[in-house]
Amino acid sequence: MSKVLVTGVAGFIGSNLSEKLLKENYSIIGVDNFDDFYDRKIKEKNISVFSNNPKFKFFELDICKNINLLNKEKFDFVIHLAAKAGVLNSITDIETYIHNNIIGTKNVLELMRKVDCNKMIFSSSSSVYGNTTKKSFSENDNTDFPLSPYATSKKSCELMIYNYHNNYNINSIILRLFSVYGKNQRPDLLFSKFSDRIRLDKTIEIYGEGNSMRDYTEVSDIVDSILLSISFLRKNKKVYSIFNIGTSSPTPISEVKDFLYKSFQKEPKIRYLTSHKGDMILTCADITKARLILGYDPKINFEKGITKFCKWYKEK
Ligand SMILES: NC(=O)c1ccc[n+]([C@@H]2O[C@H](COP(=O)([O-])OP(=O)(O)OC[C@H]3O[C@@H](n4cnc5c(N)ncnc54)[C@H](O)[C@@H]3O)[C@@H](O)[C@H]2O)c1
């Protein structure tokens with residue numbers, strides 16, 4: 001079975017993915033620097049579930065600084081998830097986002113050249129689409145107007161990965177992920193933030209009037225899309241392809257808040273704030289291409305997914 005390098009292995013998506021890969025009998029080289037975006041203890045707990053598995057080897061390292069520690073490792077695929085995540089934070093911390101995400105990705109690509117690995121899956125983001133008047137976003141839409149340094153960093157990485165495909169035959173699949181949620185979710189993400197405040201009887205803050213909409217995608221569907229991408233890269237040569245990974249079915253923030261208040265059986269306490277310039281009004285993935293080429297078929301709708309999320313949140 002294949003050996004996979006997973007960067008950002010201790011994070012939200014990385015830990016969910018690794019659990020699944022190990023179940024499917026893959027060997028994993030996992031890399032994370034426990035970046036301070038959120039509490040290191042959360043990430044240590046994420047990987048504790050599988051860190052004793054003999055098929056899992058972990059390196060605590062920063063891909064911007066000491067990726068050379070991996071020069072002697074062998075792997076067939078790279079799933080590059082390590083990044084400074086979060087749109088809003090990036091607006092006030094430009095330097096960190098641009099440095100970490102762009103230099104980090106360049107270093108991962110250089111490592112691939114050194115160890116002769118030519119298959120990469122990269123986690124890009126719906127944020128590259130910026131604000132458009134379109135009802136759903138397709139991979140061919142213009143992405144020249146990202147609204148935040150985070151989105152700019154993701155678009156830059158997509159372009160750089162194409163350079164390496166063209167110049168060094170690195171075959172790559174770019175997955176533009178749409179608002180991921182579920183088990184091990186980051187504390188800064190909407191469902192976690194609202195749940196924390198509702199549980200503590202604090203007022204929740206909503207930017208805009210609650211009518212902005214997101215294509216919320218459950219993490220198990222994201223993991224499936226990565227496994228499908230591995231199969232596609234295994235079967236095809238000369239690949240550089242971009243896919244939207246969402247559900248095509250956006251939900252208004254007001255519906256998220258209503259569901260969570262009901263689930264926690266609390267009276268709503270809400271403050272509405274002016275929207276940020278860097279935030280998008282709507283995200284909705286056109287997933288025709290991923291369905292057709294990868295065989296991607298999201299299984300978890302919003303109601304099922306948020307019910308699953310609440311169960312996980314209350315148990316943790
Ligand atoms: N969660 C979402 O909704 C979403 C949406 C679109 C794209 N993405 C992308 O998916 C990927 C994973 O996101 P996530 O939500 O799991 O975030 P996360 O913050 O939970 O995971 C990222 C992990 O990368 C690690 N990391 C960061 N910089 C590093 C470095 N220089 N060296 C080594 N490790 C480093 C962090 O410590 C963290 O554990 C990111 O690239 C993110 O941009 C996420």
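Reader: Into how many nonpolar, polar and charged residues does the shell around the ligand divide?
Author: The model is predicted; local features need pLDDT of at least 70 and side-chain atom pairs count only at pLDDT 80 or more, while totals for chains, interfaces and linings use all residues. Residues are numbered from 1 along each chain as its sequence is written. With Ala, Val, Leu, Ile, Met, Phe, Trp, Tyr, Cys and Pro as nonpolar, Asp, Glu, Lys and Arg as charged, and the others, Gly among them, as polar, the shell divides into 14 nonpolar, 9 polar and 6 charged residues.

Reader: Which residues come nearest to the ligand?
Author: Around the ligand lie 29 residues, each with its C-beta atom, placed from the backbone, within 6 Å. Those that come nearest are Gly8, Gly11, Phe12, Ala83 and Ser123.

Reader: Which element gives the largest share of this shell?
Author: Helices (H or I, at least four residues) and strands (E, at least two) are DSSP runs, numbered from the N terminus. Strand S2 (27–32), helix H4 (94–115) and strand S5 (119–125) are among the elements that give two or more residues. The largest share, 3 residues, comes from H1.

Reader: How far does helix H5 reach from its first C-alpha to its last?
Author: Helix H5 (residues 149–168) has 20 residues.

Reader: Which residue just after H5 takes a positive phi?
Author: The phi in question is about 55°. The residue that takes it, just after H5, is asparagine 169.

Conventions. Expected span 1.5 Å × (residues − 1).
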